[in-house]
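Subject: Structure for your review

Dear colleague,

Please find below the structure that I am handing over to you. My notes on what was found in it follow directly after it.

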Amino acid sequence: MCLAIPGQVIAFADDPTFAKVDVAGVRRTVNVGLLENEGVDIGDWVLIHVGFALSKVGEAEAHDQLRLLTALGEATLAMEEVAGYTFAPDVEGRG
Amino acid sequence: MTNGMKYVDEFRDPALIDRVATEIRRVVDPQRHYRIMEVCGGHTHSIYRHGLRDVLPHNVELVHGPGCPVCVLPTGRVDDGLAIADHPEVVLTCFGDMMRVPGTRGTPLERKAQGADIRMVYSPLDALKLAQDDPSRHVCFFAIGFETTAPSTALTILRARELGLDNFSVFCNHVTIVPAMRAILDSPDMRLDGFVGPGHVSTIIGCRPYEFVARRYRKPVAVAGFEPLDLLEGILMVLRQLAAGEAKVENQYRRIVPWEGNVPALRALATVFELRPYFEWRGLGFISQSALKIRDAFARYDAEARFAVPGVRVTDPRAAQCGEILKGVLKPPQCKLFGRECNPEHPVGALMVSSEGACAAYYRYARVEEAAGA
């Protein structure tokens, strides 16, 4: 349960502590409140854990993480997790 | 050797792996036996999955640490959580891993089949959403996890307060890794030479909290990532320090882990939680100041303040040796139940439930290696 899932920020919600991310084609809203000091922009890559972005990562690192999840046999679980976030199904991006 | 390398080959530049492995062999004293603990369950999983033990010299032993959240949760706390689910108004929510952890009266999944309203969620925010959507029910989130996960729970509680929700609570079982490392270092039957520090936990807490390991206990620590190359580099950092007679904290995972940690996360933790005087860990017993409690200011969100829980200490099944494995005294196949009564389909102990548990990882990967004659 402790592996982090890489996703790319594609839009912000009206409440800017939430952002829509794309994780290998699955689009869901996550909380980006933990990154308030660093700041998050559209196009940034983040590592997601239980619905929250834990840290920003470079694009190459994001791809490495996705490959790592695949290698550990956890990619399917990770995708299920992201697809399973139901806390903000209807948040529409304004970015 | 070859079988382990096969796993590595399919994943990362084998030349790089080879270079680090060669350097490891160069710095290792063949007369000495090294015991290095990988604290994190994610590391344990990666080590077995990639056959990294076979890349290391025989006198470098990896000892699996307590960093698997469901593994260290004692049976009594599972029972306490399930007792909350007995209240007819309660919807108990938990992560998927938690659903199959055995309590005295069965697993959450079994209790659900018997009629308790227990639901799996992927995020504490999903539990909060359930509470928002149905004010007639009380939604309790069974929170487990180390510092990687605890900030998410803290932010969810802060959000519940913002929303003024009164039908949401958290059964808090968050634990902190550093006191467990100290307990292991103080344990008389545990001789360790150094630590590979956890990756994602350190994203939150940074590297500073490990400095006591180097200063007080004179043991090296290298915080490392999860890829085979990361782990080997972390192990090499520890071995280099040992060769030089040094003890310090190094950060192999700088691309993710800031030395000072994540400041907003640490602030959220400090706002919502305080340290419990002591908390029971499976296998390690009671460890002082090793777990988080919801502060009185947030008592309305604390399930332990709202519901009476039995709070009974339950010993593990006698035949299972989860404790010895969690402390690194035994390896999984040395447990009498391993692979027989206790397997991933029917786990007796929590270490067989989570993919980060040493037993599940060993069952899934190492047995195959052995069958292949590695």
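**Two helix pairs in chain B**

In this predicted model, helix α7(B) passes helix α8(B) in a right-handed crossing. Helix α7 covers residues 124-133 of chain B and helix α8 covers residues 150-163 of chain B; they pack at an angle of about 20°, with their axes 9 Å apart. Angles under 35 degrees count as roughly parallel, and α7(B) is therefore roughly parallel to α8(B). On the side of α7(B), the contact is made by B:Pro124, B:Leu125, B:Leu128 and B:Gln132. On the side of α8(B), B:Ser152, B:Thr153, B:Thr156, B:Arg159, B:Ala160 and B:Leu163 take part. Sorted by class, this contact has 5 nonpolar, 4 polar and 1 charged residues.

The second pair consists of helix α2 (residues 14-27) and helix α12 (residues 228-244) of chain B, whose axes come within 10 Å and cross at roughly 20°. This angle makes α2(B) roughly parallel to α12(B). Here the crossing is left-handed. Among the residues of α2(B) that meet α12(B) are B:Leu16, B:Ile17, B:Val20 and B:Ile24; the residues of α12(B) in this contact include B:Leu232, B:Leu236, B:Leu239 and B:Arg240. By class, the contact has 13 nonpolar, no polar and 3 charged residues.

**Buried residues**

How many of the 10 residues of α7(B) are buried? The number is 7, and the helix is mostly covered. The buried residues are B:Pro124, B:Leu125, B:Asp126, B:Ala127, B:Leu128, B:Leu130 and B:Ala131. Their cover includes β3 (26-31) of chain A, together with β3 (90-94), β5 (138-145), α8 and β6 (168-174) of chain B.

In helix α9 (residues 177-186) of chain B, the buried residues are B:Ile177, B:Ala180, B:Met181 and B:Ile184. Why do they line one face of the helix? Seen down the axis of α9(B), these residues fall within an arc of 100°, so they share one face. As a general point, an α-helix has 3.6 residues a turn, so residues three or four places apart point the same way.

**Where the chains meet**

Finally, 27 residues of chain A are in contact with 35 residues of chain B. On the side of chain A that touches chain B, β5 (52-57), α1 (59-71) and α2 (75-84) each supply at least two residues. The residues of this side divide into 14 nonpolar, 8 polar and 5 charged.

Yours sincerely

Terms used. Residues numbered from 1 in each chain as written. Chains lettered and ligands numbered in written order. Predicted model: local features only at pLDDT ≥ 70, side-chain atom pairs only at ≥ 80, totals over all residues. Contact = placed C-beta atoms within 7 Å. Helix = DSSP H or I, 4+ residues; strand = E, 2+ residues; numbered from the N terminus. Nonpolar A, V, L, I, M, F, W, Y, C, P; charged D, E, K, R; others polar. Buried ≥ 20, exposed ≤ 12 C-beta atoms within 10 Å, placed from the backbone. Arc of directions from axis to C-beta. Axes fitted to C-alpha atoms, helices over the stretch in contact; angles between N-to-C directions. Parallel < 35°, antiparallel > 145°, perpendicular 65-115°, else oblique. Left-handed = near helix turned anticlockwise from the far one by under 90°.
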